[in-house]
Amino acid sequence: MPSPNGIVADKNTIFVASIPADYKTVNEDNVIYVIKNKNKPKLKRFNDTPGLYDGLGISKDGKTLYVSDWQTASVKAINLKTKEEKTIYHEKKYRSG
């Protein structure tokens with residue numbers, strides 16, 4: 001996995017966000033990865049949507065993975081069962097300072 005960035009764990013499952021090393025050149029490997037059993041780690045791609053992924057969080061009910069993406073200035077909710085992605089926040093204009 002190239003350039004691991006954000007990480008979140010829930011019981012035995014660990015999710016890791018990949019971000020490009022130069023923070024701008026996104027490629028097909030810059031996705032979210034999952035390790036389903038921390039005692040027998042095996043890294044797998046979780047989603048197929050490349051991005052500038054950073055922060056990760058899991059909902060209280062354990063059904064949703066929240067992911068921030070610098071490329072789209074958004075936060076996505078990914079259903080952990082179906083892997084359906086939904087944008088739940090999108091910054092309309094970047095702010096400086």
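Okay, let's start with a definition: buried means under 20% relative accessible area, exposed means over 50%, and partly exposed is in between, using a 1.4 Å probe and protein chains only. By that rule Arg45, at 35% relative accessibility, counts as partly exposed.

Before I go on, a word on what we're looking at. This is a predicted model, where local features need pLDDT of at least 70, side-chain atom pairs count only at pLDDT 80 or more, and totals for chains, interfaces and linings use all residues. Residues are numbered from 1 along each chain as its sequence is written, and side-chain values use heavy atoms, with hydrogens and water left out.

A salt bridge here is a side-chain nitrogen of Lys or Arg within 4 Å of a carboxyl oxygen of Asp or Glu. How many salt bridges does a search of the whole structure find? Three. One of them joins Arg45 to Asp29, with the closest N and O atoms 3.5 Å apart. That pair links distant parts of the chain: Arg45 sits in strand β4 (residues 43–45), Asp29 in the loop between β2 (13–18) and β3 (32–35), and they are 16 residues apart. When I say strand, I mean a DSSP run of E with at least two residues; helices are runs of H or I with at least four, and everything is numbered from the N terminus.

Asp29 is partly exposed too, at 32% relative accessibility. Arg45 also forms a salt bridge with Asp48, where the closest N and O atoms are 3.6 Å apart. Asp48 is exposed, with a relative accessible area of 63%. Put together, Asp29, Arg45 and Asp48 make a network of salt bridges.

Then there's Lys76 with Glu85, closest N and O atoms 3.7 Å apart. Is Lys76 buried or exposed? Lys76 is buried, at 9% relative accessible area, while Glu85 counts as partly exposed at 26%.

Now for the inside. A nonpolar core means a set of buried Ala, Val, Leu, Ile, Met, Phe, Trp, Tyr and Cys residues joined through side-chain atoms within 4.5 Å. The largest one here has 11 residues, among them Val8, Phe15, Ile32, Leu56 and Val67. Strands β2, β3, β5 (53–58) and β6 (64–69) are the elements giving two or more residues to this core. As background, nonpolar side chains tend to be buried together in soluble globular proteins.

Let me stay with β6 for a bit. Five of its six residues are buried, so β6 is largely enclosed by the rest of the structure. Which strands does β6 pair with? Two strands pair if DSSP finds at least two bridges between them. β5 and β6 run antiparallel, joined by four bridges, and β6 and β7 also pair in the antiparallel sense, over six bridges. On the β7 side, Tyr66 stands opposite Ala77.

In the hairpin of β6 and β7, with four residues between the strands, Ala73 takes a positive phi near 50°.

What does Val67 touch, not counting residues up to four places away in sequence? With contact meaning heavy atoms within 4.5 Å, the list includes Ile32, Tyr53, Leu56, Ser74 and Lys76.

That brings us to Ser74, which is in strand β7 (residues 74–79). Ser74 is buried, with a relative accessible area of 5%. Leaving aside neighbours within four places in sequence, Ser74 is in contact with residues including Val67, Thr87 and His90. Its side chain also makes a polar contact with the side chain of Thr72, at 2.5 Å. A polar contact is a pair of N or O atoms within 3.5 Å; within protein, one must be able to donate a hydrogen and the other to accept it, and residues adjacent in sequence count only if both atoms are side-chain atoms.

Last stop, Pro41, in the loop between β3 and β4. Pro41 is exposed, at 58% relative accessible area.
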